[in-house]
Amino acid sequence: MSSSNPYQDDRGNKDRSITNPAGQGTAMPRSKSGPVTSAPGGPFLIGEAMTGGYGKGPDILHECTIAVDRGEIAVIVGPNGAGKSTAMKAVFGMLDVRSGRVLLDGEDITALTPQDRVVKGMGFVPQTHNIFTSMTVEENLEMGAFIRKDDFRDTMAQVYDLFPILKEKRYQAAGELSGGQRQQVAVGRALMTKPKVLMLDEPTAGVSPIVMDELFDRIIEVARTGIPILMVEQNARQALEIADKGYVLVQGRNAFTDTGKALMADPEVRRSFLGG
Ligand SMILES: Nc1ncnc2c1ncn2[C@@H]1O[C@H](COP(=O)(O)OP(=O)(O)OP(=O)(O)O)[C@@H](O)[C@H]1O
Ligand SMILES: [Mg+2]
């Protein structure tokens, strides 16, 4: 695979312009022939040594670090209540961290609001309430483009190219769609801002194994367009299989961090988190 042809197959969206052009210059193509090198200055997006909780409540995160590099998919796994969603919310600015920081392309964005982070190029699909159920599919996508002042019809066409079923159902209320289709709406909505990095919290929650595989394929396709992806997954095995980097969180702390492959091969990780 060369940098001029980042696609391994002929399915789905071919248009790299779905990504923010400003984020393209530094995107590293995924390569089978050489190591994936990160640009100087560390990962593209990192929540570093984050400690904090909700409001005046106790700390949920304890020096927790999650990150994603250019051209990569990073996956966060761990038991229920481990703080995976909290860590994602902290990176997106929905939670005040008492210590630690968030860097986007080397810039400290710890003090920015979520909306300002969207303007900076972050796309986030939360675990719950990630679509407007009473609005149509197309209205959901239009809402996703709320920060854009330019013509977003091309981006919408690219989202429909990536998720053809959404084009078919564009005038249907999103709440009438199946679980997997709703997740496509949620991801599509996030893509409407042409993000430089995409954060997904359990994009395959509650869907059948076949739909999960299909969603993973689409997520890989998005990554190949040059958008790094940081995602939480409860389907740990399948997710680590496609992960360049994996994080196992336990009780708000980093328990294991390695390549997806190495985590899958680690006997302790297998026994404790992957069911043997
Ligand atoms: N809005 C909130 N206010 C207060 N505490 C919260 C809030 N959301 C989550 N928590 C607490 O933070 C801890 C971590 O929850 P979190 O949702 O981050 O876990 P998770 O790893 O995403 O779990 P799951 O796999 O179930 O999605 C839990 O103890 C939870 O009760
Ligand atoms: Mg969660």
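Q: How many helices and strands does the protein have?
A: It comes to eleven helices and ten strands. Those are DSSP runs numbered from the N terminus, with helices (H or I) needing at least four residues and strands (E) at least two.

Q: And where does all this come from?
A: It's a predicted model, so local features need pLDDT of at least 70 and side-chain atom pairs count only at pLDDT 80 or more, while totals for chains, interfaces and linings use all residues. Residues are numbered from 1 along each chain as its sequence is written, and chains are lettered from A and ligands numbered from 1 in the order in which they are written.

Q: OK, what share of the residues is buried?
A: Buried residues are 44% of the 276 in the protein. Buried means 20 or more other C-beta atoms within 10 Å of the residue's own; exposed means 12 or fewer, partly exposed is in between, and the C-beta atoms are placed from the backbone.

Q: Which residues have the most contacts inside the largest nonpolar core?
A: Val75, Ala87, Val197, Met199, Ile229 and Leu230, in a core of 69 residues. Such a core is a set of buried Ala, Val, Leu, Ile, Met, Phe, Trp, Tyr and Cys residues joined through C-beta atoms within 7 Å.

Q: What does Met199 touch?
A: Skipping residues up to four places away in sequence, its list includes Met88, Phe92, Phe124 and Leu230. A contact means C-beta atoms, placed from the backbone, within 7 Å.

Q: Switching to helix 5, which residues are buried there?
A: In helix 5 (residues 153–162), they are Thr155, Met156, Gln158, Val159 and Leu162.

Q: Why do they line one face?
A: Seen down the axis of helix 5, the buried residues fall within an arc of 160°, so they line one face of the helix. That arc is taken from the directions from the helix axis to the C-beta atoms.

Q: What covers them?
A: The cover includes helix 4 (137–144), helix 6 (164–168), helix 7 (179–191) and helix 8 (209–224).

Q: And Asp154, which helix is that in?
A: Asp154 sits in helix 5, and it's partly exposed, with 13 other C-beta atoms within 10 Å.

Q: How do helix 4 and helix 7 cross?
A: Their axes come within 7 Å and cross at roughly 35°. Axes are lines fitted to C-alpha atoms, for helices over the stretch in contact, and angles run from 0 to 180 degrees between N-to-C directions. Residues meeting there include Leu141 in helix 4 and Val185 in helix 7.

Q: Now the sheet: what's the strand order?
A: There's an open sheet of four strands in the order 2-1-4-5, with antiparallel pairing. Strands pair if DSSP finds at least two bridges between them.

Q: Which strands stand at the edges?
A: Strand 2 (59–68) and strand 5 (107–108), each with a single partner strand, so one side of each has no neighbour in the sheet. Helix 2 (residues 84–92) packs on the sheet, touching strand 1, strand 2 and strand 4.

Q: How many bridges join strand 1 and strand 4?
A: Strand 1 (residues 45–53) and strand 4 (residues 99–104) pair over five bridges, and Gly47 has Val102 as its bridge partner in strand 4.

Q: Last one: what do strand 9 and strand 10 form?
A: A hairpin with two residues between the strands, where Gln251 in the turn has a positive phi of about 45°. Strand 9 (residues 245–250) and strand 10 (residues 253–258) are antiparallel, and Leu249 stands opposite Asn254 in strand 10.

Methods
Contact = placed C-beta atoms within 7 Å.
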